[in-house]
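Q: Please take a close look at a single part of this structure. Start with the chain as a whole, then go through the part itself residue by residue where that helps, and finish with the charged pairs.

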Amino acid sequence: MSSLSKSDKKRVLDFAAWGFNISTSVGIIMINKALMATHGFSFATTLTGLHFVTTTLMTIVFRWLGLSQPSHLPLPDLIKFVIFSNLLIVGMNVSLMWNSVGFYQIAKLCMIPASCLLEVVFDHVHYSRDTKLSIMVVLIGVAVCTVTDVSVNAKGLAAAVIAVWSTALQQYYVHFLQWKYSLNSFNLLGHTAPAQAGSLLVVGPFVDFLLTGKRVDHFGFTSLAMLFLALSCFIAIGVNLSQFICIGRFSAVSFQVLGHMKTVLVLSLGFLFFGKEGLNFQVVFGMILAVAGMIWYGNASAKPGNKERRSVLPVRSEKLALDEEDGGEK
């Protein structure tokens, strides 16, 4: 990459980060769908705890190999991050159980406005007209192709509100902590993954029992179920790492907007591998509209004067910037 200009190198690394996140996220969704629907492992919260166990092992190996340097994250910040992250996981699972699929999808779409509000309030970010309109196009497109039946109840609404705001706060905090303490993605994961693994493995089985009425210790593991479980945990390392890389390089809002590409890909792959039931003009039109909005958002954010601007976050150290670029080239 030495022959590329600084801006070209950034574009290549940005594209690699998005590609890494999208491919691992779509991959784990398809694996988990097979694990849960085909093999009956319906313990989503416990599964997430296992994901963070393997991620913790990865950070230990990286530290042992010298690929991750010692760093510091104050305990109060770590505790807040773990609370937001675990509320996100539990909130999303509970919201999916207590709400209709349509309202669950609407709640997920509300995460972008929530993230925008956090950036406006805390970072004094200004969004251009094109950026706002492109976000609206993405939201409308995803809503058209995913939202069907919509029914609301009080406890489902409460779960959705908790899920939306904990997601927005967690993703905002990923970006904030990396900039405030000059942490790269490996460093931040090294601090947060062990705490999340321990806490989720403690509360996960109880949450899953409340949601499913089944005990994880009574699950009858088969060799195929174990294989899919191992694959899920392995791919989760890439999902967790790529999320931190993407939010660190961009912003929580950009991560949410362009992340809806995963929704479109999952729908497309679902129709390809699991049958075309539900595929109609409305779904196809929604997908096209969402992709068009993402392209518009990318172009709008890249234009001078239209890009989101941060004026409050501390300036990231030059060493961290170079570390992340070097890490992306390996």
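A: The protein chain exposes about 16200 Å², and carbon and sulfur atoms supply 71% of that area (Shrake-Rupley method, 1.4 Å probe; for residues, only the protein chains shown count as cover). This is a predicted model, in which local features need pLDDT of at least 70 and side-chain atom pairs pLDDT 80 or more, while totals for chains, interfaces and linings use all residues. Residues are numbered from 1 along each chain as its sequence is written, and side-chain values use heavy atoms, with hydrogens and water left out.

Of the 330 residues, 48% count as buried (under 20% relative accessible area; exposed is over 50%, partly exposed in between; 1.4 Å probe, protein chains only). The chain has twelve helices and zero strands (DSSP runs, H or I of at least four residues for helices and E of at least two for strands, numbered from the N terminus). Among contacts with a separation of 6 or more, 87% join residues 24 or more positions apart (contact: heavy atoms within 4.5 Å).

H2 has 21 residues and reaches 31 Å from its first C-alpha to its last, close to the 30 Å expected at 1.5 Å a residue (1.5 Å times one less than the number of residues). Its buried residues include Thr45, Leu47, His51, Phe52, Thr56 and Met58. The buried residues of H2 pack against helices H1 (6-38), H3 (75-98), H8 (185-212) and H9 (223-249). Thr56 counts as buried because its relative accessibility is 13%. Beyond its neighbours within four places in sequence, Thr56 is in contact with Ala193, Pro194 and Ala197. Just after H2, Gly66 takes a positive phi of about 80°.

The structure holds five salt bridges (a side-chain nitrogen of Lys or Arg within 4 Å of a carboxyl oxygen of Asp or Glu). In H1, Asp14 and Lys10 lie four residues apart, about one turn, and their closest N and O atoms are 2.6 Å apart. Asp14 is buried at 11% relative accessible area, whereas Lys10 is partly exposed at 34%. In H3, Asp77 and Lys80 lie three residues apart, and their salt bridge has its closest N and O atoms 3.8 Å apart. Asp77 is buried at 7%, and Lys80 is partly exposed at 39%.
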